[in-house]
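Me: Please take a close look at one part of this model, the contact between its chains. Keep to what can be checked on the atoms, and give the cut-offs as you go.

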Protein chains: 6
Amino acid sequence: MKISARNALKGIVKSVVIGAVNDEVVVEVAPGVEVTAIITKASAESLGLAEGKEVYAVVKASDVMIAVD
Amino acid sequence: MKISARNALKGIVKSVVIGAVNDEVVVEVAPGVEVTAIITKASAESLGLAEGKEVYAVVKASDVMIAVD
Amino acid sequence: MKISARNALKGIVKSVVIGAVNDEVVVEVAPGVEVTAIITKASAESLGLAEGKEVYAVVKASDVMIAVD
Amino acid sequence: MKISARNALKGIVKSVVIGAVNDEVVVEVAPGVEVTAIITKASAESLGLAEGKEVYAVVKASDVMIAVD
Amino acid sequence: MKISARNALKGIVKSVVIGAVNDEVVVEVAPGVEVTAIITKASAESLGLAEGKEVYAVVKASDVMIAVD
Amino acid sequence: MKISARNALKGIVKSVVIGAVNDEVVVEVAPGVEVTAIITKASAESLGLAEGKEVYAVVKASDVMIAVD
């Protein structure tokens with residue numbers, strides 16, 4: 001499947017924190033560069049997410065903001 | 001200013017494409033790792049975005065999806 | 001690729017309206033049930049979207065609101 | 001009330017799963033076509049959501065992605 | 001129609017800027033407090049938006065971030 | 001830090017409700033005008049949010065919908 005979301009950063013799952021409805025997943029997309037995702041628990045289970053798994057962090061371009069110091 | 005968005009990836013603006021209401025901004029957050037943002041033209045101008053500028057790509061954790069091959 | 005977005009509705013592209021940075025794509029997901037998407041022009045081109053093409057309308061569960069009359 | 005969100009799919013609530021802050025609501029918008037929503041628990045209660053209730057699944061066009069096989 | 005989005009701020013349209021696919025709408029929700037929306041041109045036309053019109057700025061709770069100085 | 005999100009409404013935290021992964025924060029941005037945010041518990045803790053604290057409710061323009069009666 002190919003998706004219209006412009007950003008698909010390849011990485012490794014560093015941690016998964018379990019909630020009641022949502023889980024928090026941290027992905028390392030480059031050495032020292034981490035991306036945190038909140039996804040439904042059902043999705044996390046369906047994807048078989050666990051520490052060390054190779055995944056993509058996918059983000060729509062319209063969901064990215066730009067900040068400057 | 002400190003913000004609740006969990007992800008703030010430091011990077012360099014690679015390109016800015018101008019639209020009527022929105023602009024498209026590409027940020028390199030690690031060597032070979034790029035993040036594309038769509039932001040309002042007014043914001044891009046207000047932030048003084050241009051190729052080579054140091055910026056942060058900011059994303060809420062609930063806007064990140066996880067995909068597996 | 002398998003993604004954490006909970007909703008992937010199979011359908012047929014009914015129309016594509018071209019903008020400067022974004023395109024508008026209408027997908028029929030069931031007889032008489034249409035879903036409209038705004039995606040970047042670059043994504044629409046990369047996916048080869050055109051009237052009649054079979055696609056999925058993908059939506060995160062946290063982006064769906066519920067309304068009652 | 002009439003809203004700018006382009007998508008308002010009429011359907012029937014199939015299930016409601018209760019969380020600490022958020023609930024998960026599944027709506028059938030056509031025979032065999034389901035949409036899952038994560039909304040705040042307070043909203044679910046305020047709308048009186050329960051299995052069998054007629055509702056709309058409302059989604060902004062910019063929150064819909066397109067995928068192809 | 002009653003919707004699950006937690007925030008519906010009553011206000012007056014101050015300006016509408018027209019784009020190719022999207023329009024930008026500024027709403028004053030309290031004296032000196034303005035909220036800017038980007039919505040599809042089709043929605044803006046369908047709602048009959050124009051300077052001075054009474055509207056609601058509607059935002060999902062999960063789309064609000066918190067920042068501190 | 002200056003961010004591309006068009007809306008940053010100054011206000012006072014009225015309440016914080018704690019969840020497993022997410023917290024709900026209510027901010028008064030003008031007398032009688034409240035904005036509710038759902039943010040990660042980790043963010044709420046990191047920002048030191050508590051009743052009475054001065055904060056900004058930050059929202060991207062593309063996350064604001066417009067409704068009319």
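Reply: **Interface of chain A and chain B**

M65(A) has V58(B) as its bridge partner in strand 5 of chain B. That bridge belongs to an antiparallel pairing: strand 6 of chain A runs against strand 5 (residues 54-59) of chain B over three bridges. Strands pair here if DSSP finds at least two bridges between them. Helices (H or I, at least four residues) and strands (E, at least two) are DSSP runs, numbered from the N terminus.

The model is predicted: local features need pLDDT of at least 70, side-chain atom pairs count only at pLDDT 80 or more, and totals for chains, interfaces and linings use all residues. Residues are numbered from 1 along each chain as its sequence is written, chains are lettered from A and ligands numbered from 1 in the order written, and side-chain values use heavy atoms, without hydrogens and water.

Now the extent. Chain A puts 33 residues in contact (heavy atoms within 4.5 Å) with 33 residues of chain B. The two chains bury about 3000 Å² between them, 64% of it on carbon and sulfur atoms. Buried area is the accessible area (1.4 Å probe) that two parts lose on being put together, summed over both.

Next, specific links. The interface of chain A and chain B holds two salt bridges, with a side-chain nitrogen of Lys or Arg within 4 Å of a carboxyl oxygen of Asp or Glu. One of them joins R6(B) to E24(A), with the closest N and O atoms 3.1 Å apart.

On the chain A side, two or more residues each come from strand 2 (7-18), strand 3 (22-30), strand 4 (33-40), strand 5 (54-59) and strand 6 (65-68). Strand 4 of chain A gives the most, with seven residues. By class, this side has 23 nonpolar, three polar and seven charged residues. Ala, Val, Leu, Ile, Met, Phe, Trp, Tyr, Cys and Pro count as nonpolar, Asp, Glu, Lys and Arg as charged, and the others, Gly among them, as polar.
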